[in-house]
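Hello,

Here is the structure I promised to pass on to you. Have a look at it first, and then read my notes on its aromatic rings below.

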Amino acid sequence: MNFCSIDDVDDPQSWVDEAIALKNEIETYGPHVYTGKSICLLFFNPSLRTRLSMQKAAFNLGIQSFIFNLNQEGWQLEFEDGTVMNGYTSEHIKEAAGVLSSYFDAIGVRSFASLSNQEDDYSEKVFNQFVKHCSIPVINMESATLHPLQSLADMITIKEFAKVDKPKVVLSWAPHPKALPQAVANSFSQWASHMDFDFVITHPEGYDLHPEFVKGATLEYDQRKAFEGADFIYAKNWSSYTDYGQVLSQDKKWIVDQQKMKLTNQAKFMHCLPVRRNVIVTDEVIDSDDSIVMQQAAHRVTSANLVLRKLIG
Ligand code: CP
């Protein structure tokens, strides 16, 4: 079993309940004793939450975790078949994946989008080579198009804070100076569509996500209208999918501020972090009592606990 996307999850709503139950169990009984199991956490890109929440979850379950920052510490990997490796790549993914599979019981991989080659990114060229060549479970720690560990944590957080059975959940694009991947927004949209939400996405024209990920969502280009009556505002920037990897707008009017939050049903504010203050969201909103970004980040451990237990016990 792998954890690559929501397609590996039989019943997403029951995973949310199981994750909360496991968190309570660990809080009551403490971490498990060492099981003899181990996991490699392999990063091509930086991380704070994913790296440390996975290590904390491994500790909770009695699993030893090993971090490998491949770009800084490993050999440059070759992903093409049949290449004459007389250039800058030193090790083929086939050997690397085989060796890692012989050392560990599972592997987590973080491999961001290049944002320069849409075909490679949307075929998950790097991440899927690990899935193909590893003989152990592979966990998506944010790939080119998806971030399911984040999304599971987001669903757990919404479950914890929802005041109504069917909350209005709004995913709002917000400005950012750099081009960011679509992974968090894609993944959040996929998971949200499996929950009992009134789910609305708002973004400027030109920022439509890949249609595969937004089935069941309502698209509203007017951000203020989208915010009306919302129970949760999830802010996130992403670069254009259609004009691939481009920053088409840095319109400051899309910042999440207190004036817009007043249009909501006293919505909770969410962001996956890291967040650029006073670019994505004002200090006033993120520092308010309605901001749940810390609880959301804490639930990264809750989601990682469950995924590790399901994959390696
Ligand atoms: N949200 C998230 O994945 O954070 P990191 O990039 O710090 O892991």
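This is a predicted model: local features need pLDDT of at least 70, side-chain atom pairs count only at pLDDT 80 or more; totals for chains, interfaces and linings use all residues.

Residues are numbered from 1 along each chain as its sequence is written, and side-chain values use heavy atoms, leaving out hydrogens and water.

Searching the whole structure gives 14 aromatic pairs. Rings of Phe, Tyr and Trp (its six-membered ring) pair if their centres lie within 6.5 Å; planes under 30 degrees apart count as stacked, over 60 as edge-to-face and the rest as tilted.

Phenylalanine 3 and tryptophan 15 are a stacked pair, because their ring centres are 5.8 Å apart and their planes meet at 15°. Phenylalanine 3 sits in the segment before helix H1 (12–29) and tryptophan 15 in helix H1, so the pair ties together parts twelve residues apart in sequence. Helices (H or I, at least four residues) and strands (E, at least two) are DSSP runs, numbered from the N terminus. Tryptophan 15 is buried too, at 1% relative accessibility.

Another pair, phenylalanine 44 with phenylalanine 79, is tilted, with 6.5 Å from centre to centre and 50° between the planes. Phenylalanine 44 counts as buried at 14% relative accessibility, and phenylalanine 79 is buried at 14%.

Finally, look for the aromatic cluster formed by Tyr122, Phe213, Tyr241 and Tyr244.

Best wishes

Terms used:
Buried means under 20% relative accessible area, exposed over 50%, partly exposed in between (1.4 Å probe, protein chains only).
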